[in-house]
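Q: Please examine one part of this model closely: the open sheet and the helices packed about it. A connected account is requested, with the cut-offs behind each term.

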Amino acid sequence: MNKMNKKKTLFGLPERVIHCTKCLLTNQKPFSVNETKNSKGSSKNSLQFNEEGICLACQYSEKKKKIINWNEREKLLRELLNNYRRKDGSYDCIVSGSGGKDSVTIAHILKYKYGMNPLTVTYSPILYTEIGFKNHRAWIDKGGFDNLLFSPNGRVTSILSKEAFINLLHPMQPFKFGIKSLAAKTALKYGINLVMFGEPYAEYGSEDSNTLEKPSYDINWYLNDSDQIFFGGTHYKDFLKKYQWLKFSDIKSFMPLTSDDVKNEKLDVQYLGWYLHWDPQEIYYYATENCGYQPDTERSDGTYGRYSAVDDKMEWLHYYCHYIKFGIGRCRFDACQEIRNEHITREEAILLCKKFEGEYPKRYINDCFRFMNLSIKEAENIIDKFRSPHLWKKVKNKWVRLQELEEIYNGK
Ligand SMILES: [Zn+2]
């Protein structure tokens, strides 16, 4: 990256926005990162396109429809599970989730279709919604599972969220630490060798295409061997200095695993979505039918959907922050997925984005700011600092989007 480029865009984003010709994602969509390595001001790799201008997520979706032999893959799944299934009544795999449609379905399929004995583990959402907690209970009560609910220290989570919001505009970061490592930590503690997640991240264009070639989860996502461990974009030692009342024991549960922790263990972390055809709408129906999963009572701010990521009040703010930083909001995520699964056309998706993309997340915003101990004014000033000049411009005291498809946003 050269110096000039750095001044024109934040996070090292490409200066010119390219829209996928099949869905509506853009080259501003960053890859997921190991959050403990996410320092303040670090650059991000972003979504790749082929020569025809088609994004990685759409390319993979075509492959799912035309090339992948799902019968073969299911056979591989059966072989994998045969290696781990236990007959003595002890747990043989871990499914981690808060009770959302994906985790609910993974656990149910593994237990009732493939005869596994999963232990479900939940890293508590930062601010559980009512519907989210209901679904969590329904998972256990109607689905029939044992569950461990881990709720991290709320006082520490509050300052972690605040720091991550101020430095990275990423208030959900402490949850992301937890969700990625709790399953592995619990597996080690209980002597369980298999952890199963849902869809590969690359399906949404959040990872490099290489990761789609294999079903296992890259250990680099939850291990960090260096001393360079960041919380809210700040080195953890500086973090401890800043908040003098904190002891190391307060942040220990947020620390990543190291290679040493796993070196004598057989830990296999896999994606069920690599073996079985995964369609979010079908998963939703499955979860409803088998585990009493319920959609939210109203659509989420910023989109038309009401059944994805509705268990944490922070999700509303999280997607809004994503829209500010990368110009890609909650509606676009929902609509692009539905284009790929052929539930809606690109034209319909454009109309939906025109209506909902970037809508202010009013429903829970006060709860989120209160949790982080920030006034609305303070928080909004922070948000404005993350508007990259190639995506936003202030005109007559109003923020105007740049480089958006005209059909979605034309300045009015
Ligand atoms: Zn695409």
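**The sheet and its helices**

A: Leu-194 stands opposite Asp-268 in strand E7. This is a predicted model, in which local features need pLDDT of at least 70, side-chain atom pairs count only at pLDDT 80 or more, and totals for chains, interfaces and linings use all residues. Residue numbers run from 1 along each chain as its sequence is written.

Strand E4 (residues 194-197) pairs with E7 in the parallel sense over four bridges; two strands pair if DSSP finds at least two bridges between them. Helices (H or I, at least four residues) and strands (E, at least two) are DSSP runs, numbered from the N terminus. The open sheet has five strands in the order E3-E2-E1-E4-E7, with parallel pairing. Strand E3 (146-150) and strand E7 (268-271) each have a single partner strand at the edges, so one side of each is left without a neighbour in the sheet. From one strand to the next, the twist averages 25°; angles run from 0 to 180 degrees between N-to-C directions, and axes are lines fitted to C-alpha atoms, for helices over the stretch in contact.

Helix H4 (residues 101-113) packs on the sheet, touching strand E1 (93-96), strand E2 (118-123) and E4, and its direction makes about 160° with that of E1. Residues are in contact if their C-beta atoms, placed from the backbone, lie within 7 Å.

The axes of H4 and helix H12 (residues 280-291) cross at roughly 65° and come within 9 Å. Among the residues making this contact are Val-104 and His-108 of H4 and Ile-283 and Tyr-286 of H12.

Definitions and conventions. Two residues are in contact if their C-beta atoms, placed from the backbone, lie within 7 Å.
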